[in-house]
Amino acid sequence: MTLRRTLISLACSLLLTPAAFAEVAYVSNEKDDTLSLIDLDSLEVIETIAVGQRPRGITLSKDGTRLYICASDSDTVQVMDVASHKIIASLPSGEDPEQFALHPNNKLLYIANEDDALVTVVDVDSHEVLAQIDVGVEPEGMAVSPDGKWAVNTSETTNMLHWIDTETHQLVDNTLVDQRPRHVEFSDDGSTLWASAEIGGTVSVVDVATRQISKKLTFQIRGVHPDKVQPVGVKLTSDGRYAFVALGPANHVAVVDAKTYEVLDYLLVGRRVWHLEFNADESKLLTTNGVSGDVSIIDVAALKVVKSVKVGRYPWGLAVKS
Amino acid sequence: MKQPPPIDPRAYWHSLRGILEREFYRFLQQRSRFLSALVRPLLWLVVFAAGFRAALGVAIIPPYQTYITYETYIAPGLCCMILLFNGMQSSLSMVYDREMGSMRVLLMSPLPRTWLLICKLLAIALISLIQVYGFLALAWLLVGFEPPLAGLLTVLPALLLTALMLGAIGLLLSSRIRQLENFAGVMNFVIFPMFFISSALYPLWKMREASEWLYWACLLNPFSHAVELVRHALYLELNLQALAITAGTTAVFTMLAVMGFSPERTARRKT
């Protein structure tokens, strides 16, 4: 009897192994109040989960056990248990949370409150608000440096990057960039910060040591009017080779050589491409395409779009669980 | 009545080789024909499609897995355009052959006419294939049209069947046409409607947005199904419905063409 049970459990574990290791992408659907889950092996939607109102920015805890969801119209950050897909807590985020960034210590969450011109710092364990920092008008993008020293916020109307010292929670510097900065991304070594400007149509590469712009990238796509080139999401490969820039209503993702800053290619994806995310080994890059309601999957080695998967209405944020 | 002597099976092979060689030499001698067969679809690809590149949003439709540029969409249709023009032009040359008497020489062979005409169809089809692959190479160089490499192999039977279908239609037309002058009119009434009222330039859902009758006209056009057969085969997929319709149309038109060239009919025409 014991032998039979052992054999059955062994067979079950063998059968379940591929599924257990399959990577899953979580996609927030802004207009459906749901998350779509995409299996990154089969590239198909395997589940749709109802969450708070107008989910936008989403991010996983460093250990991958919890998913934080900006439920903008519910004025909260929801905490979802990844194993059970249950909402286990709601964090006091301040009003209209849109984007956030988790500190490398896995404890502090920096949340941009678009309507209040604030950045709220929340302790995800104690659920306490530790600080609220005044920033520019319509704060949106958030990033924390890999060494945890800086939290950087972008304000859409003030057109600035706001540098917050994570020890004192004081705003210590501002960097003026082009119109409507929407997203910031640190390079893996923490030496540069890439900031997209949606209306300006540029991406500024900022030297973190001096907090000055060292390079400004512009984009030109054959057959696409320049007004439609509106950079939003930015993602950098950890080997420092490529930068990918989502160009909004231009429906393309720009591939940039992260060393020479040369634009290598433009990849056609769905309509109004918004945010980007890699899988664990960075072999795949996912894009949320808001207007066409799908997620495009890019083969990073080949620099080709392999598939576009239909999700809910207005997909916005992305997180990949390996 | 005296029975004709049995035909040596080798004669079939001999005749096939002869007809293939003749078509091939004719192809080699008519280099301008090869160039014009390439220039036409290339103009569509490089000039026409470039203008529509961003204007026409092509949604994801099978066999595509993601968004494609308009150039990518029309490339399979342009491959079929080459086959269409070639099929018809070769038929035109058959009318010419008939006027010049060389067709009579061919049909006087003791071999069955069906066999001879099928050989002729096959020869036209194979020559067309060379041109299609030439076009695919240029499309890759000029606009970066990159179907999967294996697709270049899987598309071969689809292209061959399409070429046979269009050749058979051309053959039927040529059997009905007495003079070269008449043929020009038929080109306008057959080639252009066949190409434009199909899924070669726009997907069927787009046609349906424009008008319901246009959509149905496209659906009834066997050329649409040939284009879809080629499109799917290029992306390693088999579209069974398109295959059935293209194969069926090929069979019907080959039969009608053979009947059109039957000795009784030819004899009736002379009297």
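This is a predicted model: local features need pLDDT of at least 70, side-chain atom pairs count only at pLDDT 80 or more; totals for chains, interfaces and linings use all residues.

Student: What makes up chain B, helices or strands?

Tutor: Chain B has 12 helices and 0 strands, so helices are what remains when you look for DSSP runs of either kind. Along the sequence the pattern reads α-α-α-α-α-α-α-α-α-α-α-α.

Student: How do you know that the length of α6(B) agrees with what a helix should span?

Tutor: Helix α6 of chain B, residues 151-176, has 26 residues, and at 1.5 Å a residue these should span 38 Å. Its end C-alpha atoms are 37 Å apart, which agrees. There is also a bend of about 30° in α6(B), at Pro157(B).

Student: Why is the crossing of α1(B) and α5(B) called right-handed?

Tutor: A crossing gets that name because the near helix is turned clockwise from the far one by less than a right angle. The axes of α1(B) (residues 9-29) and α5(B) (residues 113-143) cross at roughly 40° and come within 9 Å, and α1(B) passes α5(B) in the right-handed sense.

Student: Which residues meet there?

Tutor: From α1(B) they include Tyr12(B), Leu16(B), Glu23(B) and Phe27(B), and from α5(B) they include Trp115(B), Cys119(B), Lys120(B) and Ile127(B). The residues of this contact divide into 13 nonpolar, 1 polar and 2 charged.

Key: Residues are numbered from 1 along each chain as its sequence is written. Chains are lettered from A and ligands numbered from 1 in the order in which they are written. Axes are lines fitted to C-alpha atoms, for helices over the stretch in contact, and angles run from 0 to 180 degrees between N-to-C directions. Helices (H or I, at least four residues) and strands (E, at least two) are DSSP runs, numbered from the N terminus. Two residues are in contact if their C-beta atoms, placed from the backbone, lie within 7 Å. Ala, Val, Leu, Ile, Met, Phe, Trp, Tyr, Cys and Pro count as nonpolar, Asp, Glu, Lys and Arg as charged, and the others, Gly among them, as polar. The expected span of a helix is 1.5 Å times one less than its number of residues. The bend at a residue is the angle between axes fitted to the seven residues ending there and the seven starting there.
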